Amino acid sequence: MATATITRPAPQTTQARKSGFRQPRRKLTIGRIAAIVVAGFIAVLWLIPFAWATVTAFKSETDAAAPDVTWVPPSGFTPDAFVKVFQDGNIPLWTWNSLYTSAAITAITLVISALVAYALSRIDFKGKKVLMTVIIASIIIPPPVLIIPLFYQMLALNLVDTSWAIILPQVIHPAMVFVLKKFFDQIPRELEEAAVMDGASRLRIFTQIILPLSRPILAAVAIFVFIGAWNNFLWPFIATNDGGLLTLPVGLQTIKSAYGIQYAQNMASALLAALPLILVFLFFQRQIIKGVATTGLAGT
Amino acid sequence: MSTSTLSRPRPENLRTSLNRSNNNLSGWAFATPFLVFFLVFLVWPILYGFYMSLTGKSLTGANDSLIGFANYAEALADADMWHSLGNTLYFTVISTVPLVLVALVMAALLNVGLPAQWLWRLSYFAPYLLASTVVSLFFTWMYNPQLGLINEFLTGIGLPRVAWLNDPNVAMWAIVIATLWWTVGFNFLLYLAAMQNIPAQHYEAASLDGAGAWRQFFSITLPQLTPTTVMIVLLQILASLKIFDQVYQMTAGGPAGSTRPVVQYIFETGFTGYRLGYSAAISYIFFGLIVVVSVMQFVITRRRSA
């Protein structure tokens, strides 16, 4: 009984969870058919950029640059652009760089945010109110304001052109601390009190009671942070010049000049860069959508 | 047996019985890892950035000395600064409206109870998972004046070609369209989650009273969504004010500076012009703008929850 209550996230999402975003089956009326038509029209519009990029990527460069815009190229579809991008390009390297920096950012963010959120939720220590206020206030600091001093700091710390320069400044998410704290607040204290009486330490309570009960919110925060880190452009763009360290978004920016007007290769690169997260999304759609809906209003 | 039971604190006395200094110690111990990063990579840069804005610091190391508020005075008289700030505000205004309205329409359509929910959610939300660079490559290609899909469509239905990214009057709208496609899925999800939280009884009662779907949307759904709408609008304004990536990648701020946002101006004065101090001063003017909007958001949400 108690566990059922605990595993629920913030109240506003309780119902969405229960219904799982599903609606009861209703009969087809004119209104519903109209809704399907309009929704379908928007969906087609939204899929066109993907479709056009895919068609272009499978054309020969000659066909892609031909003045006649065609969905079926005269000389047929060819995977040449992908082969060329794989042979000459750095897409696998950039993907790897994005993967390990984003994973490191997500891991560090989760650990340090959950620890401080637990203290803010459960421990009555001196200065807690001030700490809470400062963390909440810092949510308003927009990352672009930090780029100049942060870059100067990276120079001073001698971290420019290292992965640390990309990772370290991206692990502070005050809004996520707040999201976690709100979730911890809802976990009944009785569960810990039993453990305290058995002589368990704070750290033990945190790792063995609080964290297992918080899996849904930890997953939501991890998803939010990972997507943000994976797609971040401005900071990694500033922090690294070393070609070997470029992340996918930053690396892609360099291909325009490298390939010039090789349209098929540009689209092949863009699609390859898009693929990892789209695949992850196809597999974890429910979790990702739930995660974004849970953290979305607090984040940004 | 009985003594050990007695010595155990009773649950209701637990908090008072725990040693206070022990609490202080463990509280700060749990906070320390976060605090270290917080102080080094957020608090210090934001303070040092302000100090930099009061110096003539440059990447060439020319003048490190304090020059008071001279950078701010220069920025306030800098036509390029105002132009870029104006572009950012213009983008914020013309992007927020469609980014909220289209998201609402998408969510309302799905909330009617369409079959294959996952398919719709996938098509509307998928672009949000793309990096800005991918979006820029897609749209630069579609906006291509001669070979682009969009102009092909326009000439196909007898309309003139548009020089999307090369026409100063159109370029910002081209950026807005790309941004709408890219990020509307996020607002759409927030709306959808909020709509599905509206209790079904509201609709049942309205149905019994003979209110149609249209009526129900305007008299139940929309009013119930007001708090969500306020939050989405404010978050969207804050997000739009930070515009940089897609502009830098698609037009590099052009043509003729017509799309250059203030974040790009900060970036350029700092890293192309090497004037770190001046760039930091513009950052703080931009920060002031964000603070004003955030305080508005705070006041509104406080009033709502109070």
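This is a predicted model: local features need pLDDT of at least 70, side-chain atom pairs count only at pLDDT 80 or more; totals for chains, interfaces and linings use all residues.
**Chat about chain B**

Trainee: OK, and what's the mean for chain B?
Mentor: Mean pLDDT is 87, with 91% of the residues of chain B at 70 or more. For the complex, the predictor reports an ipTM of 0.85 and a pTM of 0.87.

Trainee: Switching to the interface: how many residues of chain B are in contact with chain A?
Mentor: 80 residues of chain B, and they meet 86 residues of chain A. Helix H3 (residues 20–53) of chain B supplies the largest share of chain B's side, 18 residues.

Trainee: How does that side divide into nonpolar, polar and charged?
Mentor: On chain B's side you get 56 nonpolar residues, 18 polar and six charged.

Trainee: New topic. How many helices and strands are in chain B?
Mentor: 14 helices and zero strands.

Trainee: What radius of gyration does chain B have?
Mentor: 26 Å, whereas a compact globule of 306 residues would come out near 19 Å. Along the principal axes, the C-alpha atoms of chain B fill a box of roughly 90 × 75 × 30 Å.

Trainee: And what percentage of chain B is buried?
Mentor: 41% of its 306 residues. As for contacts in chain B with a separation of 6 or more, 68% link residues 24 or more positions apart.

Terms used:
Residues are numbered from 1 along each chain as its sequence is written. Chains are lettered from A and ligands numbered from 1 in the order in which they are written. pLDDT is the predictor's confidence in each residue, from 0 to 100. Two residues are in contact if their C-beta atoms, placed from the backbone, lie within 7 Å. Helices (H or I, at least four residues) and strands (E, at least two) are DSSP runs, numbered from the N terminus. Ala, Val, Leu, Ile, Met, Phe, Trp, Tyr, Cys and Pro count as nonpolar, Asp, Glu, Lys and Arg as charged, and the others, Gly among them, as polar. The radius of gyration is taken over C-alpha atoms; the globule rule is 2.2 Å times the number of residues to the power 0.38. A residue is buried if 20 or more other C-beta atoms lie within 10 Å of its own, exposed if 12 or fewer, and partly exposed in between; C-beta atoms are placed from the backbone.
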